[in-house]
Amino acid sequence: MSLELQVNYRKAEEKDWEKILELYNSLSSEDLYLRFFSYHRLTLEEAKKIVSGGDHYTIVAESEGKIIGEGTLYNDGEFALVVHPNYRRIGIGTEIVRKLIEKAKEEKLCGVKFYTLPDNYPMIRIGKKLGFTISEDVDEVFGYLKLNCS
């Protein structure tokens, strides 16, 4: 018998900050380095900022009352993504990025982009799967997806 994971994707709400902080606290030092380019632990203030809106839009992936993924799209088209270690490689990150692309189109952004480290193979794989142009150098990988912004 196989159990299908039920995942709800939705806009983050202010009440989600604690669950987002729990998500980030589940990450290893390596995960944090891949996300922030440094060994940085998310603070309570930063978790509250993620859900506050303003210069960004955040989507969460929720399952059984737990936030298992988070993606944030900034007004300049850059986005960031985190998926709980126990829920990787099953399409959650890809679906979050798809939803961020939809939001970028609604907002008439000309493109979406990400920066990551060369070791962040999952993010690079998502970018390639979704049609991003990938530029790699020794220190950084840049992904860009042009959108029709007219």
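I began with a bridge: I134 has G143 in β7 as its bridge partner. I am working from a predicted model, in which local features need pLDDT of at least 70 and side-chain atom pairs count only at pLDDT 80 or more, while totals for chains, interfaces and linings use all residues. Residues are numbered from 1 along each chain as its sequence is written, and side-chain values use heavy atoms, with hydrogens and water left out.

**Entry 1: the sheet**

I looked up the pairing of β6 and β7 and found the antiparallel sense, over four bridges. I took strands (E, at least two residues) and helices (H or I, at least four) as DSSP runs, numbered from the N terminus. Two strands pair if DSSP finds at least two bridges between them. I then noted an open sheet of three strands, in the order β5-β7-β6, with antiparallel pairing. Because β5 and β6 (133-136) each have a single partner strand, they stand at the edges, and one side of each is left without a neighbour in the sheet. I recorded an average twist of 15 degrees from one strand to the next; axes are lines fitted to C-alpha atoms, for helices over the stretch in contact, and angles run from 0 to 180 degrees between N-to-C directions.

**Entry 2: aromatic rings**

I counted rings of Phe, Tyr and Trp (its six-membered ring) as paired if their centres lie within 6.5 Å, with planes under 30 degrees apart taken as stacked, over 60 as edge-to-face and the rest as tilted. By this rule there are five aromatic pairs. One of them joins Y115 and F142 in a tilted arrangement, 4.9 Å centre to centre and with 45 degrees between the planes. Y115 belongs to strand β5 (residues 111-116) and F142 to strand β7 (residues 141-146), so the pair ties together parts that are 27 residues apart in sequence.

I checked accessibility for both, where buried means under 20% relative accessible area, exposed over 50% and partly exposed in between (1.4 Å probe, protein chains only). Y115 is partly exposed at 32%, and F142 is partly exposed at 24%. I also noted that ring pairs link F79, F114 and F132 into a cluster.

**Entry 3: charges over rings**

I took a charge to sit over a ring if NZ of Lys or CZ of Arg is within 6 Å of the ring centre and within 35 degrees of the ring normal. K48 lies over the face of W17, 4.7 Å from the ring centre. K103 lies over the face of Y57, at 4.5 Å from the ring centre.

**Entry 4: helix α1**

In α1 (residues 17-25) I found W17, I20, L21, L23 and Y24 buried. Their arc around the axis, taken from the directions from the helix axis to the C-beta atoms, is only 155 degrees, which puts them on the same side of α1. These buried residues pack against α2 (29-36), α3 (44-50), β2 (56-63), β3 (66-74) and β4 (79-83), where contact means heavy atoms within 4.5 Å.

**Entry 5: single residues**

I looked up S63 in strand β2. S63 is buried, at 4% relative accessible area. Leaving aside neighbours within four places in sequence, S63 is in contact with L5, Q6 and I68.

R89 is placed in the loop between β4 and α4 (92-106) and is exposed at 73%. K108 is in the loop between α4 and β5 and is exposed at 54%.
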